[in-house]
Amino acid sequence: MRVEIQLRIVSDDETMLCDDAVLRLDRAEHRLATLGVSLAEAKTLLANVQNRLVAAQAADHVARHRSCPACGRPRPIKGYETVVFRTAFGVVRLPSLRLVHCRCQAANRRTFCPLTGLLTEHTAPELLYLESKWASLVSYGLTTDLLKEVLPVGTTANASTIRNHLHKVARRCDAGLGPEQVGFIDGCPADWKELPVPEGPIVVGLDGGYVRNWDDRKASFEVIVGKSVPENREHRYFGCVQTVDNRPKRRIFEVLRSQGLQMNQDLVFLTDGGDNLHALVDGFSPCAEHYLDWFHITMSLTVLGQYAKGLAHHNVEEATAMQTALERIKWRLWHGDAREALIRIEDLAEDLDVLESGYPNLARFAKATAEFATYIRSNRAIIPNYGERRRNDEPISTAFVESTVNVVVDKRFAKKQQMQWSKVGAHRMVQIHTRILARPTEIDGNAYYLLDPAARWLEGRYPLAATLLRRAMIEDTLDGAKSSRYKHAARHLLECLAVAPTIGDFELFETHDAFTARLRAAHGRKAGFWSRYAEIAGSKP
């Protein structure tokens, strides 16, 4: 069997611009490996089509600008150049005319290239999107390998190019932000009363993670990550490196505005009480409240409790008294009595200073208690009655942000691998990554020709990313009742099951068991799929 795929391009005036064979196949043998089009053949087909189509469009654009729009005479040709245009389906090299401006019109320059009006960038927006999306999830080097494996992007793509393009996209995202302001409260109280009833409160949690500094190898810097959770709208993420970001408040405000923030709407900020966050969360709404996160208080108390347990091996009586004191301090803080709690913490610190014991960590215990006293003293104005808020089903902790910090900072910034980042590079990466996290449902599950090899590439180092790609293909197959792909969807589900134990934390996403249960609830009657799944798994459905 011989297959020939022909490309025909016809202009608006019915002129034939292209009539070429873009792929020829010889299928003499009937084997499983030769069924359909292979990945290499598909890449060749896409590259050939892209080259001819872009060349035809460029030639048509140049032809439209060949003549002077005023007098209609053809402009003289000064010379020829070659323009390189990088796309997701190959690198296209285009001949570009340099024309001389007609004398009937004044011009700042004597010559010009018509193609520069069409090719305002030398990289296609779709390729920039793919590079930025994958580079925000996996390393620059792996992104390069992945794109080369599944797309005819050209051999010149490398990690440095991917990084530069990601920084370029991040700069464009920042360019759309308005100017920084001290506050964003708009209007007057009389106007706020006329506003419609808001949908519900918006809860914003902010937390930070530390990344190793490329410029100062022994130091780290903080990446601030936040999550905005309205009552009836989609959650949004944001982040920045505050030491290089000159518009952090504007960044938060744009997120809140996109979620429909009104001046009569309750807005709650939960933070760890860091000095850099007090000014950051001020001035967004007359109904805004800022509270200290209970999670960070309990973390400090837990550390002090561990020291007290260690002291019990040397001074039982004193350790018991201190554990009792810590419980009472916790009770006072839980009920919002920061003043009395602070007095008790300071008393505990004084007792530790004069305590004589053989406990080796006594100095650390005393230091941690003094630091906790300073922490509560600095944040006592934002300590609410946590018990009352809990009874009213109001948030008291940034636990919902912790998973975001893990995804944005721990995973992509590879803290376990001790990766080092420049502050500007980390800031730009955060801008792209938080935007990708906000769109996990935008993966096109129908693009199996791209997602299947991508998942195989990712599953070794990034099993969660591979699982999300496979889930997209599974849901696209079942939602569309594409029975011809049931076998592949069943295989993808088993592959998800196989890598699930290697995923320590599914973070923002469903566990494998929860995902499978949801599939059975929604598509339990698709017997063809579940029988395929049972057949491959070697078990009963």
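Two strands count as paired if DSSP finds at least two bridges between them. Helices (H or I, at least four residues) and strands (E, at least two) are DSSP runs, numbered from the N terminus. By that rule, 5 bridges join strand 9 to strand 10 (residues 288-292), and the two run parallel.

This is a predicted model, in which local features need pLDDT of at least 70, side-chain atom pairs count only at pLDDT 80 or more, and totals for chains, interfaces and linings use all residues. Residues are numbered from 1 along each chain as its sequence is written, and side-chain values use heavy atoms, with hydrogens and water left out.

Strand 9 covers residues 267-271. Buried here means under 20% relative accessible area, exposed over 50%, and partly exposed in between (1.4 Å probe, protein chains only).

Val204 stands opposite Phe269 of strand 9. Leu267 stands opposite Ala288 of strand 10.

## Antiparallel pairings

Strand 1 (residues 2-10) and strand 2 (residues 16-26) are antiparallel, with 9 bridges. Gln6 has Ala21 of strand 2 as its bridge partner. The hairpin of these two strands has 5 residues between them, and Glu14 takes a positive phi near 70° there.

Strand 4 (residues 90-100) joins strand 5 through 2 bridges. Leu99 finds its bridge partner in Phe112 of strand 5.

## Aromatic pairs

Rings of Phe, Tyr and Trp (its six-membered ring) pair if their centres lie within 6.5 Å; planes under 30 degrees apart count as stacked, over 60 as edge-to-face and the rest as tilted. The count comes to 10 aromatic pairs. Two of them are set out here.

| Pair | Centre distance | Plane angle | Class |
|---|---|---|---|
| Trp294 and Trp334 | 5.1 Å | 65° | edge-to-face |
| Tyr307 and Phe365 | 5.6 Å | 20° | stacked |

Trp294 belongs to helix 9 (residues 294-311) and Trp334 to helix 10 (residues 316-334), so this pair ties together parts that are 40 residues apart in sequence. Trp294 is buried, at 10% relative accessible area. Trp334 counts as partly exposed, at 21%.

Tyr307 lies in helix 9 and Phe365 in helix 12 (residues 362-379), so their pair links parts that are 58 residues apart in sequence. Both Tyr307 and Phe365 are buried.

One aromatic cluster is formed by Phe184, Phe253, Phe269 and Phe284.

Contact means heavy atoms within 4.5 Å. Leu147 is in helix 4 (residues 140-150). Leu147 is buried, with a relative accessible area of 4%. Leaving aside neighbours within four places in sequence, Leu147 is in contact with Leu130, Glu131, Trp134, Val153 and Ile162. The C-alpha atoms of Leu147 and Trp134 are separated by 9.0 Å, and the two residues are 13 apart along the chain.

Arg485 sits in the loop between helix 17 (463-479) and helix 18 (486-499). Arg485 counts as buried, at 14% relative accessibility. Beyond neighbours within four places in sequence, Arg485 is in contact with Gly445, Asn446, Tyr448, Asp476 and Thr477.

## The cavity

A cavity is a set of points, on a 1 Å grid over the protein atoms alone, where a 1.4 Å probe fits but cannot get out; lining residues have an atom within 4 Å of a point. A volume is the space filled by probe spheres set on the points, with grid points joined across faces, edges and corners. The count is 1 cavity of 30 Å³ or more. The largest cavity holds about 40 Å³ of space.

Its lining consists of Ile224, Phe238, Gly239, Cys240, Pro248, Arg251, Ile252 and Leu280. Strand 8 (236-240) and helix 7 (248-258) are the elements that give two or more residues to this lining. By class, the lining has 6 nonpolar, 1 polar and 1 charged residues. Ala, Val, Leu, Ile, Met, Phe, Trp, Tyr, Cys and Pro count as nonpolar, Asp, Glu, Lys and Arg as charged, and the others, Gly among them, as polar.

How values were computed: On a 1 Å grid over the protein atoms alone, a cavity is a set of points where a 1.4 Å probe fits but cannot get out, and a pocket is an open set with protein on both sides within 12 Å along at least five of seven lines; lining residues have an atom within 4 Å of a point.
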